[in-house]
Amino acid sequence: MARKKKKPLFCVWRKSKKYSYRDGQNMEADGVSIWPRMEPFLLGALQVAPSPKLSLHYLRKMAIYVRTRDGCFPVLGWSMWRHIACGKLQLPEDLAWLYFETFDLLIGHSPEQRLEWAECLSQCSSKAELDEQRNKLSVDTLQFLVFLYIQQLNRVSLRTSLIGEEWPSHRTRSPSPSDREAKTSSQNKNWDDQAHLSFVQSHLAEILELLVELGQLSQSGQALRDCQISLEAVRSLSLLLEGSVCHGRAVQPVHRLLTKGPLQTQAGYSTLSRSFPLHKLLSCLQHSLTLNPFGITACLRSGKKLAWAQQVEGAMKRAKIARNTHTAPPGSKMVLMSQVFKQTLAKTSDKLTGANIKIHRCSDAFIYLLSPLRSVSVDKCRDSTIVLGPVETSIHIHGCQNLRVVCVAGRVAVGASSRCTVHALTPTRPLLLPGNTDITLGPFHTFYPSLEDHMASVGLAVVPNVWDRPLLLGTEGLVNPSLNTSSNPDVACYRLLPPAALAEFHTLVVPFQMEGDTCEVPGGLPGGLPPPYQAALDEKQKRIQSWQKTVMEARLNKEQKRQFQELVEVKFHEWLLEMGHRQELDSLIPPTISSLKDTDGMSTDTARVTDSKHIRNGRAAGQSPMAC
């Protein structure tokens with residue numbers, strides 16, 4: 001009997017294409033399953049079509065070159081990569097550094113190492129000093145080759161557009177504009193675990209060829225028949241693949257699974273030569289590949305659905321949230337949020353710590369996720385404010401309208417969005433991808449008590465901070481401001497928060513009481529803000545003090561004070577309605593029910609927000625209305 005298919009929460013994978021690979025939740029008890037890791041695709045593949053100079057033809061040449069030059073193998077330093085990228089591949093230096101920096105964000109560094117690196121960069125006062133520091137960095141050469149290859153994930157394929165699912169059929173309805181947008185969005189591929197599996201299945205042979213040693217290659221760089229691939233080379237595949245012996249067992253890097261147990265014989269591993277026959281290794285991997293059991297598909301099918309403390313009838317019923325943080329290993333933890341509508345959602349929880357977050361199709365919402373996060377994707381949201389705890393790797397905003405995002409992040413990327421404002425503290429240059437209009441960049445301008453502790457836990461410092469130096473990345477590479485083509489972002493697609501707006505500039509107040517020592521905006525400067533913005537706040541404070549002085553000198557009697565207070569309150573409420581802030585305040589009012597139960601049995605306390613009691617930083621006292 002056919003099972004009725006459930007409607008997915010998000011349209012982030014192909015709906016029409018069927019896959020015969022075993023589902024990760026139904027692994028054979030005595031089998032070994034290998035799957036693509038999520039993070040190389042989610043965090044490593046830039047969300048734009050790659051440069052033609054990263055095609056297989058050029059990567060084969062690079063694989064040969066690095067094995068014949070000193071200082072390139074087995075580790076590749078920045079100076080040699082710059083030489084290859086700029087001298088051989090003719091890539092701009094900023095783009096070469098972007099790839100190198102992205103790979104560095106992806107691989108594991110301790111928070112202490114990242115903070116030490118930030119300290120070194122903050123002391124650089126010239127490009128020469130910056131280059132001196134960068135020259136100290138190196139990466140695993142073969143893993144970096146694999147990383148460069150998977151940039152092809154978002155390559156625009158004419159063949160796919162002709163024979164893939166985009167081609168209409170008389171049996172299928174015409175796709176709506178939203179369907180077409182979902183299918184063509186590169187953001188979908190970065191999250192889509194089925195696309196990851198399909199990519200590895202289709203390109204694994206080429207990836208393995210890049211790892212083969214020189215003596216096993218033809219003059220054109222292709223692998224010879226019956227060639228061998230060393231164990232050290234296979235170790236680099238652990239960037240891309242992992243697996244387990246059976247369902248429920250510990251997740252292991254792929255090279256460990258291939259050198260022992262049932263896969264050792266299938267892969268042909270020789271303990272004497274410490275190598276594999278390439279054709280056997282390829283066959284073994286292809287046979288063992290399966291869908292990631294911790295990917296978005298599994299999370300939507302069997303992840304825990306959480307009830308919210310403020311969930312009531314009406315608009316609240318639309319919101320959905322699912323997570324796999326109770327079962328997934330580090331690097332695969334995710335929390336998915338969809339359709340938060342006309343409400344405030346605030347969380348600070350261990351269930352968020354270290355998780356990859358996807359916020360999807362939210363509107364007229366105020367979302368506070370005040371925990372240290374691994375990554376954040378904001379997709380197709382509008383008319384909302386999102387305030388984030390420190391994001392260790394990257395936040396990617398895609399297909400959004402009229403959005404305000406406030407974040408500390410390893411990287412900020414914005415694509416296909418309009419009328420969005422990003423207040424960021426970031427050590428890397430913000431990436432502006434194709435399709436943006438009216439993007440405003442401003443300085444990070446908020447804090448909550450545990451912010452600096454959270455920043456330290458993910459290795460993010462207050463300096464360097466280059467929020468105001470974006471890179472414009474188009475389909476043809478970095479955008480030259482003197483050129484403006486239809487395939488590249490418009491150089492006028494963004495602006496820095498302009499001086500004309502400084503009169504209305506103010507810090508954002510997080511309206512929840514938390515434990516911690518942070519009591520001002522972190523930024524390495526007095527007040528934490530760049531001088532023009534701090535001066536605007538100081539001027540506003542002077543006007544407030546002048547107003548207060550004027551009221552005191554008026555010497556109003558008791559009745560006059562009452563009338564004056566009523567008048568001020570009326571004008572204040574009119575201003576709240578006119579500016580759209582009334583909804584934000586109303587959504588902070590806690591529900592009358594004292595507590596609810598999550599669907600997984602976890603107890604959730606409601607908020608206690610009052611208007612009369614304040615803590616030292618001026619925000620209303622009370623706990624987060626959403627505690628999960």
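This is a predicted model: local features need pLDDT of at least 70, side-chain atom pairs count only at pLDDT 80 or more; totals for chains, interfaces and linings use all residues.
**Entry 1. An open sheet**

I began with a sheet of three strands, which is open, has the order β1-β5-β6 and is paired in antiparallel fashion. I identified its edge strands as β1 (33-36) and β6 (252-253), each of which pairs on one side only.

I then looked at how β1 is held to its partner. Strand β5, residues 241-244, is joined to β1 by four bridges, and the two run antiparallel. Within this pairing I found W35 opposite E242 of β5.

I asked how many residues of strand β16 (residues 391-398) are buried. The count is eight of eight, and I therefore noted the strand as mostly covered.

I next traced the pairings of β16. Strand β14 (residues 375-379) is joined to β16 by four bridges, and these strands run parallel. V378 stands opposite I397 of β16. Strand β17 (residues 401-415) is joined to β16 by six bridges, again in a parallel arrangement. Here I found V391 facing A409 of β17.

**Entry 2. The nonpolar cores**

I looked up the largest nonpolar core and found that it has 87 residues. The residues with the most contacts inside this core are M62, W81, F144 and L258. In general, nonpolar side chains tend to be buried together in soluble globular proteins.

**Entry 3. Two helix pairs**

I recalled that two packed helices are described by the angle between their axes and the distance between the axes.

I recorded the crossing of α2 past α3 as right-handed. On the α2 side the contact is made by M62, Y65 and V66, and on the α3 side by W81, H83, I84 and K88.

I found P111, R114 and L115 of α5 meeting A456, S457 and V458 of α17.

**Entry 4. Backbone exceptions**

Before this search I noted that most residues other than glycine have a negative phi, and that most peptide bonds are trans.

I found a cis peptide bond between F73 and P74, with omega at about 10 degrees. P74 belongs to the loop between α2 (56-67) and β2 (75-77). I found a cis peptide bond between V463 and P464 as well, with omega at about 0 degrees. P464 lies in the loop between α17 (451-458) and β22 (471-474).

I then turned to phi. Q339 is not a glycine, yet its phi is positive, at about 60 degrees. I located Q339 in the loop between β10 (334-338) and β11 (344-347). R555, which is also a residue other than glycine, has a positive phi near 50 degrees. I located R555 in the loop between α18 (531-553) and α19 (558-579).

My last entry concerns L508, whose place is in strand β25 (residues 508-509). I noted a relative accessible area of 7% for L508; since buried means under 20%, L508 is buried.

Which residues does L508 touch, not counting residues up to four places away in sequence? I listed T385, V387, R404, V406, H445, T446 and F447. I also looked up the separation of L508 and V521: they are 13 residues apart in sequence and 9.7 Å apart in space, C-alpha to C-alpha.

How values were computed. Residues are numbered from 1 along each chain as its sequence is written. Side-chain values use heavy atoms; hydrogens and water are left out. A nonpolar core is a set of buried Ala, Val, Leu, Ile, Met, Phe, Trp, Tyr and Cys residues joined through side-chain atoms within 4.5 Å. Buried means under 20% relative accessible area, exposed over 50%, partly exposed in between (1.4 Å probe, protein chains only). Two strands pair if DSSP finds at least two bridges between them. A crossing is left-handed if the near helix is turned anticlockwise from the far one by less than a right angle, and right-handed if clockwise. Contact means heavy atoms within 4.5 Å.
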